[in-house]
Amino acid sequence: MSTTTLQETAHHTSHGEAHGEQHHHETFITKYVFSQDHKTIAKQFLVTGIIWAIIGGLFSVIFRLQLADPTATYPWLEDLLGHWAQGGKLQPEFYYALVTMHGTILVFFVLTAGLSGTFANFLIPLQIGARDMASPMLNMLSYWFFFLASIIMMSSLFVQTGPASGGWTIYPPLSALGDASAGSKIGMDLWLVSMAMFIVSSLLGGLNYITTILNMRTKGMSMTRMPLTIWALFFTAVLGVLSFPVLLSGAILLLFDRNLGTSFYLSDIVVAGKILPNEGGSAILFQHLFWFLGHPEVYIILLPAMGMSSEILSINSRKPIFGYMAMVGSLFAITILAFLVWAHHMFVTGLNPFLGSVFVLLTLLIAVPSAIKVFNWLTTLWRGNIRFTPAMMFAIGFVSLFISGGLTGIFLGNSALDIHLHDTYFVIAHFHIVMGVASFFGMFAGVYHWYPKMFGRYLNNTLAYIHFWVTIIGAYLIFWPMHYEGLAGMPRRYYDFSNWESFKNFGGLNQFISMIALLVFAVQLLFVFNFFYSIWKGRKVTNQNPWNANTLEWTTPIRPGHGNWPGDIPEVHRWPYDYSKDGKDFIAQDVPVGADESKH
Amino acid sequence: MKDLFLVAIVVMIFVVIFQIAKASEYVSVLKGEEKTRKQNNKINGFLLICFLILGLIGAWYCNELYYGKTLFPQGAASVEGEKIDLMLYITIGVTGTVFVITQILLFWFAFKYQEQEGKKAFYFPHNNKLELLWTTVPAIFLTVLVVFGLKYWFKMTSDAPRDAVVVEITGHQFAWDMRYPGKDGKLGKKNYKLYNTPSGNTLAVDFEDPESWDDLHTTEMHLPVGKPVKLVINAMDVIHDVGLSHFRMKMDAVPGIPTTMWFTPKYTTEEMKARTGNPNFVYEISCDQMCGKGHFSMRGVIVVESEADYNKWLASQKPEYYTLYPEKDPAKPIQATDTTKAVTAPMAQVMSGK
């Protein structure tokens, strides 16, 4: 077969390179800064993601202060933010800027780049048995475009008119007209340019991941022998490569409307007393372009978490993942459906009702593969012999959150119900649980599980368990009651509810939520501390395969160099889920199939 | 100083937690890591089952606390909204059952099958029958929900009944304006380029069109109870959204693309005061689409009243045409000023929430 030849060629060339690499003199710059080693690039993504997560999390804590008590003043806030918090009170413009940046940062910079960037880079070559990515150079560029995007986004925080403040969905005309909002002045241009850089980064990364997975698997690693992490990362990359360009085009048209006087999204507008000349555009067109990425984006965030949780649940239950093919099939189904449901974000835009009905059907169809995944995870736990490592705790938490948040999607996907719930706190509760917190849990599970491989040391377990318990309890305490606020019709993105007869009776609850949010944020700092402290001072890993796992990354040395395996790349003889088979606790993928072994 | 003190305390707590964590790591090395791991396993298994039980109790308790504050005990204030409430209950029933079952299985399995000495996990890689079962059962439930949902969706998005009262509502940063078609039942044409010609024409109505001459421009919406209402929705500047949570209705206001929605108010404002037991009750129009810094203050008020009161209110309004072109007013100028005063005074009271 031609694929085998391809694999072998790839195998040989990368092999040769690796040997060459050993003689290279690596300076600090080439080893830690402009590195082409996928493992270093993964760590760069992770550390940048962590920094962004702290900033994005801090923003949410600050705007939660406002929601906790709209009358309170905090003098230190004025010291920190100057005229954005005049008299110690957060100004509405900056409240909206914080909300917008919180969304942008967490969705794109943390849960897309920080999550996919880290684990796709780290795990793909290690788990499929490759020396590095197909193009280490593009891989390095992918990180540096992300870095550039980060710098530009960061700089938008410091311009005089403030960063973008029209919500992370940046709907025009609000985002197109500087007269409509201070955040739509230079801050919005910076947002768009930053996102353009971000998309370039994501495309370079995604193309690389797909190419590597298709072409550079080691001998014996057929597609159906790949761990579910790799399948999930593969579909994630496909989603990103096919949908991000649409956002790019939407963003570029928006830049044109803003700066070149075009009318793609603008028509019949009078803003701040000025009659604009633009006619014939459609504000709704942008929403179609945005959500064509925006919805797959949800799965770009969620799939890696699903993949890693599947892997971690199986390893720590000491059982094969239940229904491997169904798991792959449901990932595939989710990937296809992810492209066909975007307009469920637009049920109340005046969309043609028939079109709406098609999107209802396709949206609720996603619940079927999601249900398959949940029941398969549950069956994986059933009759296992479960070890509650910190990674396992987060993987179990992931499943719990995915169930809770996934089920409320059935409310929102049904257009008639969505009429009442759209843009209320119910939506906030739904997506924070299912894609925000759940994906964070998947990411934490991944960090706790692969940290020994990344740094050759362990994270502190006690801190890890504290981190887990406070986070899961806190997450539910924050977001569960928000469903009730949403059922009361409380709209999102309100700076102050006290003038509303209908919404003002949740004051006490808002205060409670803010307090818990502060606590949960503090505990994340504990995790960050644990993370950095353990890089240098953590307990050393002495066992090449600390979790007794089957996948190939645990056949590398404890601290693998560039090229991953000092000798030949191991050959693969079986799928990665032979746990507790024939009375053996685990059989690694590179162990040949015995003559008397039973078939699975 | 107080702030500094607070920061110091937080840092102290961090340091203490960290020291405990560090110490526990040393202890585990002394005691044997395998032994500590098993101990941790037992503790976490126990905590997981506690979490399940406390979590389910918490969910029930949360419902006790907050269900009364949602809009559901008082019922939907529109005929169509009642269907949404029914759908909501059906959906809560189905998803609630699934939620409880799956969460119990998850945490119970985790607890029950935690690592035990000398026990082996069961090698169980797949089972087609089981997988088929949990593909088809969710599919059937979802089909039911989709059928229900789409039936109501098509009903609600269908054309408004012919006898519907038509009101135009226009959003701009950061308020709502209403326009009533007047006696001829037709709204005059609009052209956004005519904004402020003549001065005060904030809705950009084309007064060349005779149909606009009897149109009323108000800042409050009055609706007759029990009659279908069709809203024609516009926006001047950016996207807004007419959110009517009591009626369970919502529709975007998009500049350049008028939208519509219709519903039938079921209770007057006075009746709702009695139903909710809140003497200050008002139907509020919230802007539900982020529209700028004043988004949270973009509040409108709807007064639902008997048809007689509604007609009386309508008759007391003066067409905007006559306000903007006083010379065209058939009534004598001096009388006109009087009428305006008489109308604006009670309006101002209502607007300030009295």
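**Two chains and the contact between them**

The contact between the two chains takes 129 residues from chain A and 111 residues from chain B, where contact means heavy atoms within 4.5 Å. This is a predicted model, in which local features need pLDDT of at least 70 and side-chain atom pairs count only at pLDDT 80 or more, while totals for chains, interfaces and linings use all residues. Residues are numbered from 1 along each chain as its sequence is written, chains are lettered from A in the order in which they are written, and side-chain values use heavy atoms, with hydrogens and water left out.

The size of an interface is often given as the accessible area lost when the parts come together. Chain A and chain B bury about 10600 Å² between them, 70% of it on carbon and sulfur atoms; this buried area is the accessible area (1.4 Å probe) that two parts lose on being put together, summed over both. Across the interface the rule finds 5 salt bridges, a salt bridge being a side-chain nitrogen of Lys or Arg within 4 Å of a carboxyl oxygen of Asp or Glu. One of them joins Glu115(B) to Arg387(A), with the closest N and O atoms 3.5 Å apart. On the side of chain A that touches chain B, the largest share, 10 residues, comes from helix α12 (residues 367-381) of chain A; helices (H or I, at least four residues) and strands (E, at least two) are DSSP runs, numbered from the N terminus.

Turning to chain A by itself, its secondary structure comes to 18 helices and 4 strands, and its C-alpha trace spans about 80 × 55 × 50 Å along the principal axes. Of the 600 residues in chain A, 69% are buried, where buried means under 20% relative accessible area, exposed over 50%, and partly exposed in between (1.4 Å probe, protein chains only). Among the contacts in chain A with a separation of 6 or more, 78% are between residues 24 or more positions apart.

Tyr325(B) lies in the loop between α7 (320-324) and α8 (333-351) of chain B, and Tyr325(B) counts as partly exposed because its relative accessibility is 23%. Leaving aside its neighbours within four places in sequence, Tyr325(B) is in contact with Pro198(B) and Phe207(B). Although Tyr325(B) and Pro198(B) are 127 residues apart along the chain, their C-alpha atoms are separated by 8.4 Å.
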